[in-house]
Amino acid sequence: MFGGENFVTSKLNAAIGWARKYSIFQYPFVTACCGMEYMATACSHYDVDRFGAGLPRFSPRQADVLFVVGTISHKMAPVLKTIYDQMTEPKWVVAFGVCTCTGGFYDNYATVMGIDTIIPVDIYIPGCPPRPEYVLDGLMKLQEKIQLQHSGKPYPKAQMYHAGQSFSV
Amino acid sequence: MLDNPSLFDLLHQRFPAAILSTHAHRGDATVTIRSEYLLDVARFLRDEPGFRMNFLMDLTAVDYLTFGQKPPGRAAHFNAGVAVRPPAFIQDQIPWPGPATGARFEVVYHFYSLETGHRLRLKVPVEEDSPQVDSLTPVWASADWFEREVWDMFGIRFKGHPNLKRILMYEEFQGHPLRKDYPVNRRQPLIGPIN
């Protein structure tokens, strides 16, 4: 009626986005030392539960955000891809730590040079390891992205969102 | 507890033909032996009352392919390797003469005796054309995964090993990545890039 969507569906999409972004069920794919920082973020001091992401699920079938935490080797890459494929839509991927973003300081025969070479990534949180505040910032960026997904608004132009960098719509 | 020269003497009396060279650096004794004597020496080290090396701490290998050579071109960081000459005030030191033979590889064993506190490093030169030594799994069970790692990384086979297959890399991996002639930029991804 007015523009691409009418009043009811746009409000419904906003409500869906709102509901999804505050009920994140994460799958922590933890392979390396970043896992300690992930645990620090998840525990009571930083309390990731404030963002509605307090319940990690250890089955990809029950999760909607894949947290890839730690270095991914070529040997592990097919496992990660399988986990990603097993998750049901809608799903998002967070690259936690610089190893998952780019390979980090590893540049060798064993390491995947960034998980975005094998699965699509929504939020990059670099750092070695990223501090919990940085992780929470990344989580809030992800929430913004989830909210926008069905809003009918276009995504911000930058394909690479990472924590510490603000974007506007 | 015997000092390092006494350890060398004890080993030399028993295996006069096996020993290629000995040295001690900062108190750690090292013996290089011929590979055909490896199992005999290993059993002797474990069972001889003077040694009682009941703990195989580590097993690894060295590739001397480019040892002592400067890399071609300009390299920001390189370590070509030099024979170590420890200062005189360090006790018990016998300088390292460099690799005992011209063999490309050396397999290195680190032994420790929990009973006497002795440590001994054993080195076995391995030729490039047939990189194979006897497996120590019958003597120390802990050699099993170490030898699989050395096979995986250096391509040195261990005769008599019950299950000699890759331990760190995947089965589809071609080559042995810690060999000095493995191209440093070579990548073998199991799954390809998306789109």
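Me: How does α1(B) pass α2(B), in a left-handed or a right-handed crossing?
Reply: α1(B) passes α2(B) in a right-handed crossing. A crossing is left-handed if the near helix is turned anticlockwise from the far one by less than a right angle, and right-handed if clockwise. Helices (H or I, at least four residues) and strands (E, at least two) are DSSP runs, numbered from the N terminus.

Me: What kind of model, and what are the ground rules?
Reply: This is a predicted model: local features need pLDDT of at least 70, side-chain atom pairs count only at pLDDT 80 or more, and totals for chains, interfaces and linings use all residues. Residues are numbered from 1 along each chain as its sequence is written, chains are lettered from A and ligands numbered from 1 in the order in which they are written, and side-chain values use heavy atoms, with hydrogens and water left out.

Me: Back to that helix pair. At what angle do α1 and α2 of chain B pack?
Reply: About 130°, with the axes of α1 (residues 4-14) and α2 (residues 38-47) of chain B 11 Å apart. Axes are lines fitted to C-alpha atoms, for helices over the stretch in contact, and angles run from 0 to 180 degrees between N-to-C directions. α1(B) and α2(B) are therefore oblique to each other. Angles under 35 degrees count as roughly parallel, over 145 as roughly antiparallel, 65 to 115 as roughly perpendicular and the rest as oblique.

Me: Which residues of α1(B) and α2(B) make the contact?
Reply: Leu10(B), Leu11(B) and Arg14(B) come from α1(B), and Val41(B), Phe44(B) and Leu45(B) from α2(B). Contact means heavy atoms within 4.5 Å. By class, this contact has five nonpolar, no polar and one charged residues. Ala, Val, Leu, Ile, Met, Phe, Trp, Tyr, Cys and Pro count as nonpolar, Asp, Glu, Lys and Arg as charged, and the others, Gly among them, as polar.

Me: Which residues of α2(B) are buried?
Reply: Leu38(B), Val41(B), Ala42(B), Phe44(B) and Leu45(B). Down the axis of α2(B), they fall within an arc of 165°, so they line one face of the helix. The arc is that of the directions from the helix axis to the C-beta atoms. Buried means under 20% relative accessible area, exposed over 50%, partly exposed in between (1.4 Å probe, protein chains only).

Me: Why do residues three or four places apart point the same way?
Reply: An α-helix has 3.6 residues a turn, so they do.

Me: What do the buried residues of α2(B) pack against?
Reply: α1, β2 (28-33), β4 (105-112), β5 (119-126) and β6 (132-134) of chain B.

Me: How do α2(A) and α5(A) cross?
Reply: At roughly 70°, with their axes coming within 9 Å. α2(A) and α5(A) are therefore roughly perpendicular to each other. Glu37(A), Ala40(A) and Thr41(A) of α2(A) meet Pro132(A), Val135(A) and Leu136(A) of α5(A). That contact has four nonpolar, one polar and one charged residues.

Me: How many helices and strands in chain A?
Reply: Five helices and five strands. They run α-β-α-β-α-β-α-β-α-β from the N terminus on. Buried residues make up 45% of its 169 residues.

Me: And in chain B?
Reply: Three helices and seven strands, in the pattern α-β-β-α-β-β-β-β-α-β. Of its 195 residues, 40% count as buried.

Me: What about phi at Asp47(A)?
Reply: Positive, about 55°, although Asp47(A) is not a glycine. Asp47(A) sits in the loop between α2 and β2 of chain A. At 27% relative accessibility, Asp47(A) counts as partly exposed. Arg52(B) has a positive phi too, about 50°.
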